[in-house]
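Have the structure open as you read.

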Amino acid sequence: MIRTFKESDINAVAEIWLDSNIEAHSFITAAYWQKHFEAVKAMLLQAEIYVYEEAGRIKGFIGLESSYIAGIFVCAEARSKGIGKQLMNYAKERKNKLSLNVYKKNTQAVRFYKREGFSIVREGTDENTNETEYEMIWKK
């Protein structure tokens with residue numbers, strides 16, 4: 001079930017954020033993500049977030065800032081089971097256009113977004129990590 005984020009979800013959502021970033025971005029040190037953990041936790045409380053919950057447990061979430069996807073994350077044991085696609089479809093039903101940034105080296109995520117109809121519109125460098133990233137856009 002997908003539902004709107006509640007403040008009481010913050011710890012589960014923040015842990016999924018941290019674990020997923022460390023796993024998906026082996027080319028960036030875990031310390032980078034850990035250093036930003038508390039700041040991101042505070043930002044999550046201000047964002048438009050939808051969580052995927054199953055049997056009372058949050059398995060994933062999507063964070064939006066207007067039509068920008070700040071992130072889509074699924075816990076490790078629930079990946080490749082369609083949860084990311086369901087979260088993406090939920091966002092697509094609510095928006096006419098979506099954009100995001102994704103690291104070029106995160107090839108699994110790039111493939112997922114391309115399958116979901118996103119196109120690369122720009123390549124740049126994330127000044128915080130010096131990693132190459134794509135800006136991708138989807139339109140109805």
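Helix H3 has these buried residues: Ile83, Gly84, Leu87, Met88, Tyr90, Ala91 and Lys92. Keep in mind that this is a predicted model. The helix's length checks out too: the 12 residues of H3 (residues 83-94) should span 16 Å at 1.5 Å a residue, and the end C-alpha atoms sit 17 Å apart, which agrees.

Met88 also turns up in the contacts of Tyr113, along with Ile72, Leu100, Val102, Phe118 and Met136, leaving out residues up to four places away in sequence. Tyr113, Phe61 and Phe118 have the most contacts inside the largest nonpolar core, which has 44 residues. Helix H1 (residues 10-24) gives that core its largest share, six residues. As a general point, nonpolar side chains in soluble globular proteins tend to be buried together.

Glutamate 133 is in strand E7 (residues 131-139). It's buried yet has no salt bridge. Asparagine 106 lies in the loop between strand E5 (97-103) and helix H4 (107-115). It counts as buried because its relative accessible area is 11%, and the cut-off is under 20%. Asparagine 106 touches Ala24, His25 and Phe27, again not counting residues up to four places away in sequence.

Here are some distances for these two:

| Pair | What is given | Distance |
|---|---|---|
| Glutamate 133 and arginine 122 | nearest side chain of opposite charge | 5.4 Å |
| Glutamate 133 and asparagine 101 | side-chain polar contact | 3.2 Å |
| Asparagine 106 and tyrosine 134 | C-alpha separation | 10 Å |

Asparagine 106 and tyrosine 134 are 28 residues apart along the chain.

Terms used: Residues are numbered from 1 along each chain as its sequence is written. This is a predicted model: local features need pLDDT of at least 70, side-chain atom pairs count only at pLDDT 80 or more; totals for chains, interfaces and linings use all residues. Side-chain values use heavy atoms; hydrogens and water are left out. A nonpolar core is a set of buried Ala, Val, Leu, Ile, Met, Phe, Trp, Tyr and Cys residues joined through side-chain atoms within 4.5 Å. Buried means under 20% relative accessible area, exposed over 50%, partly exposed in between (1.4 Å probe, protein chains only). Helices (H or I, at least four residues) and strands (E, at least two) are DSSP runs, numbered from the N terminus. Contact means heavy atoms within 4.5 Å. Lys and Arg count as positive and Asp and Glu as negative; His and the chain ends are not counted. A salt bridge is a side-chain nitrogen of Lys or Arg within 4 Å of a carboxyl oxygen of Asp or Glu. A polar contact is a pair of N or O atoms within 3.5 Å; within protein, one must be able to donate a hydrogen and the other to accept it, and residues adjacent in sequence count only if both atoms are side-chain atoms. The expected span of a helix is 1.5 Å times one less than its number of residues.
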